[in-house]
Amino acid sequence: MTESIAPLVCPKRKHHLETVLEVTQRMLASAEEAQWDTVFRLQAEQHLQLQKAFLQPVTGAESMGVADTLARIQELTDQVISLVGDAHHELAEDLSRTSRGRKAAAKYRANVFP
């Protein structure tokens, strides 16, 4: 569900910001499902749409609407980053356990088959 962007934001910028918000929501949903390839593909789309949204300077009339929307996008992005960090930590722990298991197996083989 796309959230409303302030009506004072120019239509073109509003379109791009709505797209960024929707893409960021999809990123979060994908991160919650551990669909990392999708998250990173969507991040590239998010970046592109943000660039398009700010090809022209923000006017004073737009500033509050743009700031509010960017704050919401940042909240969602922070949640994605947190999930990525958790997954990274979990993967590092798995890798460490695997490495310790391989070392133990190698020592066992060395003692059993000298």
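**View 1. Val 20 is found in helix 1.** This is a predicted model, in which local features need pLDDT of at least 70 and side-chain atom pairs count only at pLDDT 80 or more, while totals for chains, interfaces and linings use all residues. Residues are numbered from 1 along each chain as its sequence is written, and side-chain values use heavy atoms, with hydrogens and water left out. Helices here are DSSP runs (H or I, at least four residues), numbered from the N terminus. Is Val 20 buried or exposed? Val 20 counts as buried, because its relative accessibility is 0%; buried means under 20% relative accessible area, exposed over 50% and partly exposed in between, with a 1.4 Å probe and protein chains only. Leaving aside residues up to four places away in sequence, Val 20 touches Gln 46, Gln 49, Leu 50 and Ile 73, where contact means heavy atoms within 4.5 Å. Gln 43 sits 23 residues from Val 20 along the chain, and their C-alpha atoms are separated by 9.5 Å.

**View 2. Helix 1 packs with helix 2 at an angle of about 165°.** Axes are lines fitted to C-alpha atoms, for helices over the stretch in contact, and angles run from 0 to 180 degrees between N-to-C directions. Among the residues that make the contact are Leu 17, Val 20 and Met 27 of helix 1, and Trp 36, Leu 42 and Leu 50 of helix 2. By class, this contact has 10 nonpolar, 8 polar and 4 charged residues. Nonpolar here covers Ala, Val, Leu, Ile, Met, Phe, Trp, Tyr, Cys and Pro; charged covers Asp, Glu, Lys and Arg; the others, Gly among them, are polar.

**View 3. Ala 34 lies in the loop between helix 1 and helix 2.** Take a look at the backbone here. Phi of Ala 34 is near 60°, a positive value in a residue other than glycine. Ala 34 is partly exposed, with a relative accessible area of 45%.

**View 4. The protein chain has 3 helices and 0 strands.** From the N terminus on, its elements run α-α-α. How much of the chain is buried? Of its 114 residues, 25% count as buried. Among contacts with a separation of 6 or more, 65% come from residues 24 or more positions apart.

Definitions and conventions:
Helices (H or I, at least four residues) and strands (E, at least two) are DSSP runs, numbered from the N terminus.
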